[in-house]
Every structure is written in C-alpha cells, then in structure tokens.
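Thanks for asking me to look this over.

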Amino acid sequence: MAASIKTRSSLAYRTGISILFGATLLTAAISYYFYQDTYKEQLHSADRQLQQLFTTIESSAAIAAYLDNSEIATEVAKGLTNNEIVSGVQLTSLTGMNISSGEAITGHEPQLRTFNLQSPFISEDVVGKVLMLPNGSMIRNRAQQAAWRHVILMSVHSFVLVLLAIFLVHRNLSHPIKNLAKKLHTIPPGSKERLDCPKQHQHDEIGLFIQDTNILLSSIQNTLDGEIRLREYAVSLEKQFRLMFESASCGIGLVNQQGVVLQHNPSFEKIIVGESSIPLAPKALYDYFSNPDQLHSMIKKALVSDTPVNFDLQLKTLKTQPTRWLNCLLSKVDDNEDTFIELILYDISERALREQKTQLEAERDPLTQLYNRRAGIRRIESVLPRSNEDRFCAFLLLDLDKFKPINDKHGHEAGDKVLKTIANRLNLCLRRDDIVIRWGGDEFLVVIEQPNKVELVAQKLLNKTLESIELEKSLTVQVGASIGIAFYPNHGTSVEQIIHNADLAMYQVKQSGRNRFAFYESIKDQKKGA
C-alpha cells in the first residue's frame with residue numbers, strides 16, 4: 001500500500017516555500033537598493049530644477065540687481081516662489097537692495113541654495129545674488145512616493161515571477177514525479193508492467209529516471225525469475241543426485257578410518273583398476289598406490305581437518321604400462337555414530353603429462369630454445385656439487401659484438417635470426433653435458449666441466465660467432481663476441497659470485513677491443529699490480 005505524503009512534506013510545498021523565501025529576501029534587498037537610489041535621484045532632480053529656475057530668471061535678476069530695480073526684483077522673487085519646489089526667495093544687490101518672497105530666509109538653512117548674479121554688461125562682475133530655499137518637505141514626500149511606487153512595482157513583479165516559478169516547478173517536476181511514485185507503488189515485484197514516459201519528458205531528466213527505473217524493474221524481475229529457477233533446480237538436483245552418483249565420471253567412495261572402501265560408484269573402481277579385469281579389493285586399497293604411506297597420512301590429516309585435503313598420488317603400474325596419476329580429494333563426513341572419509345578421485349594422467357611438457361617449455365627460452373636464466377641456474381646448481389678441488393667448472397659469459405646496430409638497422413626480426421643462429425652454433429660447438437643458457441638480450445652463459453680445454457672451447461666459440469649470417473639472399477651480417485671466463489671454485493663458491501667475476505672479465509674484453517676472451521684471474525692480477 002502506498003504511503004501518504006503530508007502537504008508540508010511534499011516536494012511542491014517545500015520547493016514553493018524555498019522559492020518564496022529566497023525571492024522575498026532577494027526582492028527586499030533589491031527593493032531597498034532601488035528605494036535609496038530612487039530617493040536620491042528625486043532629490044537630485046529637484047536640485048536640477050532649482051538650477052533650471054535660476055537659469056530662467058538669471059538675466060532679469062541680474063538687471064534688477066545692477067539697476068537696484070525693486071519692481072523687477074519683486075517680480076522675479078514672486079515668480080520663483082510660485083514654483084512649488086521653492087518655499088522662499090531672497091534677491092540682494094551689492095548696493096543694498098534686498099527683496100524677499102515666500103518663507104523668510106535666515107541664512108542658516110542647510111538646504112539653502114545661493115546663486116551669484118553676473119553683471120549684464122561687464123563679464124565676471126558680480127552685482128548680487130539670489131538665495132533660494134527649497135521646499136524640503138514637499139521634495140522629500142515626492143521622492144518617497146516615487147521610491148515606494150518603484151518598490152511596489154518591483155515587489156508585484158517578483159511576486160508574479162515567484163507564482164510562475166512555483167507553477168512551472170509543480171507542473172514540470174513535482175506533479176510528474178508524484179504521478180510516477182503512485183504508478184510505481186501499483187507495480188508488484190517481478191511484474192512485467194513498466195512505467196510509461198510522457199512525451200514531453202522523453203528527453204529530459206524525468207525521462208532518464210523512468211528509463212533507469214524500468215531497467216531496475218527488469219533486473220528485479222530477472223532476479224526473482226532466477227530464484228524461482230534456482231528452487232526448481234534444487235528440487236531437480238535432489239531427485240537426480242543418485243543418478244549423478246552412479247554415472248559420475250569421477251570416482252566417489254566412502255572410506256572408513258582404516259582405509260576400507262564402504263561404498264563407491266562404478267567410476268571409482270574403473271579409475272583404480274584401470275583396464276585390468278581384476279575387481280577392486282577394498283581392504284587392499286593402499287596397495288594400489290606407489291606411496292601407500294602418503295595416502296595413509298592424508299587420511300589421518302583429513303580426519304582432524306575442517307577443510308578438504310587435496311593431493312596427487314601415483315598409481316602402481318607395470319613397466320609396460322604408462323604412468324598414471326590420480327588427484328585425490330578427502331573430506332571428513334560425520335554421522336551420529338562414526339566418522340568417515342569421502343574420497344573423490346580424478347584421473348589426471350594427461351594433465352600430468354601436459355604439466356611436464358609445460359614445465360619443459362617454461363625452462364626454455366622461446367626464441368633460441370636454450371635454457372632460460374631461471375632454469376639454467378637450477379641446472380648449474382645441480383652440477384656444482386660434483387665439482388671439487390680436483391674437478392673444476394668453467395663459466396664462459398659471452399656477449400655479442402655489433403649486435404645492436406643490426407637490430408636497429410634491420411629490425412627485430414633480423415636480430416632474432418642472429419640470436420637463433422648463434423644459439424645453434426653454440427650447441428654445435430659443445431658437448432651434450434655442457435650447459436648453454438641465454439642469459440638475457442644478446443648474452444649467453446656456457447658452463448663446461450673441461451677446464452683444461454677451456455681456451456680451445458672459447459676460441460672455437462669466437463670463430464663460430466665471427467662467421468657471416470645470411471639474413472636474406474643478398475644480405476649478410478657479421479657479429480663477434482667478447483667472452484669473460486671464471487672458474488669454480490677458484491673464483492667463487494656461489495653461482496652469483498662466479499658469474500659476476502666472469503662478467504668483470506667480459507667487461508674488460510669490451511674495454512680493450514672486443515672479439516677475444518679473458519680470464520678473471522688476469523683481471524685480478526692486473527688489479528693487484530695496480
């Protein structure tokens with residue numbers, strides 16, 4: 001049921017109050033400013049009128065003051081006081097004539113205006129002056145009336161705009177939203193019914209809101225439909241569980257704490273027995289695996305673990321049969337009387353073979369098919385224990401000369417061809433037991449167990465690297481090599497130390513002309529000599 005919205009809580013009411021309050025404050029501020037501005041403008045206007053009045057009678061007043069003609073002066077003074085903005089006038093001359101009209105002038109009035117009378121015959125010669133006392137109260141009243149008319153007009157204008165704004169907000173925003181809210185409350189969850197968008201709102205924010213709301217309704221419908229399907233699937237799954245157990249491709253068995261299989265599906269026996277026609281002997285389950293102690297240990301671990309125990313185990317097979325591996329998943333199962341182990345088996349023989357192949361690929365550099373650095377170090381570490389004081393290993397660190405210009409000039413494909421060619425030549429120069437590693441970029445590491453022949457091997461490697469390499473039919477290039485040589489254990493007891501010393505020797509070759517080999521021993525002697 002839709003909740004009712006109180007008038008004071010409605011969007012239209014709160015929006016209207018906000019607009020009215022804001023418009024009232026803004027109108028009051030603006031009205032105050034315009035009131036003051038209009039009032040001042042009216043006072044300035046009265047002052048300009050006084051100036052204009054004086055300009056009108058200036059010549060007559062100047063003649064009256066010059067001639068001391070009291071009749072003309074009286075006429076001028078009365079003419080000025082007949083104007084409503086003048087309450088008193090006093091016209092005086094330098095010779096003592098003093099004519100007044102209207103309110104008496106004491107000379108201390110703050111609003112009194114004084115105008116000098118120039119001689120009509122001699123320029124810049126003052127012959128008298130006119131004092132005019134403005135009708136202050138009338139001028140102020142007139143100014144206030146004009147200012148208030150302005151304020152009232154602006155207030156009415158603002159009020160009309162506020163009403164128009166409230167009407168437009170109600171018509172274009174709050175009313176459509178109210179109708180949408182009522183419509184939305186009538187749509188039950190999961191219904192296919194959707195909100196309709198009025199034509200005038202198809203391309204504005206309300207239209208976007210309706211569009212997003214319909215998307216949300218569709219999402220809710222899909223979620224509810226999914227839950228219904230999930231409940232139906234759970235019921236179906238419960239009915240089909242036995243069939244799945246019997247026809248599952250993985251082996252599923254229930255084993256007690258002694259390792260005896262109490263129940264199993266057909267695949268369980270087929271996976272363990274394989275192609276043999278001999279039936280499964282439950283009491284001899286351990287005898288089917290190459291490492292029965294591992295299975296026994298894992299069952300004990302599963303009995304005390306709250307999470308499944310996963311491991312791989314090799315089956316016993318005849319020498320004429322391929323090696324078979326099983327993935328075993330053990331989970332503890334408790335009932336009211338005893339604890340059992342659920343054993344799930346997967347034949348992973350093909351996966352194990354793939355992993356072996358992947359491991360082999362991971363050990364090789366994809367370009368040259370030589371050992372990569374990581375696999376090469378493991379291979380070296382397996383050889384070093386065989387070396388002792390009577391048996392040495394030689395480490396030859398080979399860095400190609402003139403390789404970078406080929407790579408830059410002819411491109412990476414040409415550089416790759418050079419690296420592959422050099423790698424093949426290195427393999428041809430060495431024995432099968434020697435270790436050849438692509439150490440990185442255009443560097444190669446060779447490890448041999450023939451220290452007495454190391455100079456011969458190094459020279460042979462140099463000669464092979466100097467042979468021309470055909471990139472295209474009419475394009476051949478030539479590189480060389482700089483080789484640094486260090487011995488184990490003479491020049492270090494760790495792989496890193498020996499390779500570092502071989503690198504120092506190779507660097508010395510690079511500095512002294514390239515395309516030759518040098519021993520770390522000679523570098524060390526040079527340092528001692530220095």
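1. A word on terms before we start: two residues are in contact when they have heavy atoms within 4.5 Å of each other. Please also keep in mind that this is a predicted model.

2. Let's begin with Leu396. Leaving aside its neighbours within four places in sequence, Leu396 is in contact with Phe444, Leu445, Val446, Ile448, Val454, Ala458, Leu461, Ile483, Gly484 and Ile485. Leu396 also belongs to the largest nonpolar core, which has 34 residues. Together with Val418, Phe444, Leu461 and Ile485, Leu396 touches the most other members of that core.

3. Where does the core draw its residues from? Two or more come from each of E10, helix H9 (403-410), H10, E12, H11, strand E13 (469-472), strand E15 (480-488) and E16. H10 provides the largest share, seven residues.

4. Next, the sheet. Five strands form an open sheet with mixed pairing, in the order E11-E12-E10-E15-E16. Strand E11 (435-440) and strand E16 (517-519) are at the edges and have a single partner strand each, so one side of each has no neighbour in the sheet. From one strand to the next, the twist averages 20°.

5. Val436 has Val446 in E12 as its bridge partner. Helix H8 (residues 373-383) packs on the sheet and touches strand E10 (393-401), E11 and E12, with a direction at about 140° to that of E11. H10 packs on the sheet too, touching E10, E11 and E12, and its direction makes about 10° with that of E12.

6. H10 has a helix partner as well. Helix H10 (residues 412-429) packs with helix H11 (residues 454-466) at an angle of about 150°, and their axes are 10 Å apart. The crossing is right-handed. On the H10 side, Ile422, Arg425, Leu426 and Cys429 meet Lys460, Leu461, Lys464 and Thr465 of H11. Sorted by class, this contact has four nonpolar, one polar and three charged residues.

7. Finally, a few backbone details to look at. The peptide bond from Tyr488 to Pro489 is cis, with omega near 5°, and Pro489 sits in the loop between E15 and helix H12 (495-511). Gln369, in the loop between helix H7 (349-363) and H8, has a positive phi of about 65° although it is not a glycine. Lys402 is another residue other than glycine with a positive phi, near 60°. Lys402 lies in the loop between E10 and H9 and is exposed, with a relative accessible area of 56%.

Technical notes: Residues numbered from 1 in each chain as written. Predicted model: local features only at pLDDT ≥ 70, side-chain atom pairs only at ≥ 80, totals over all residues. Heavy atoms only, no water. Axes fitted to C-alpha atoms, helices over the stretch in contact; angles between N-to-C directions. Helix = DSSP H or I, 4+ residues; strand = E, 2+ residues; numbered from the N terminus. Left-handed = near helix turned anticlockwise from the far one by under 90°. Nonpolar A, V, L, I, M, F, W, Y, C, P; charged D, E, K, R; others polar. Pairing = 2+ DSSP bridges. Core = buried A, V, L, I, M, F, W, Y, C linked by side-chain atoms within 4.5 Å. Buried < 20%, exposed > 50% of the residue type's maximum accessible area, 1.4 Å probe, protein only.
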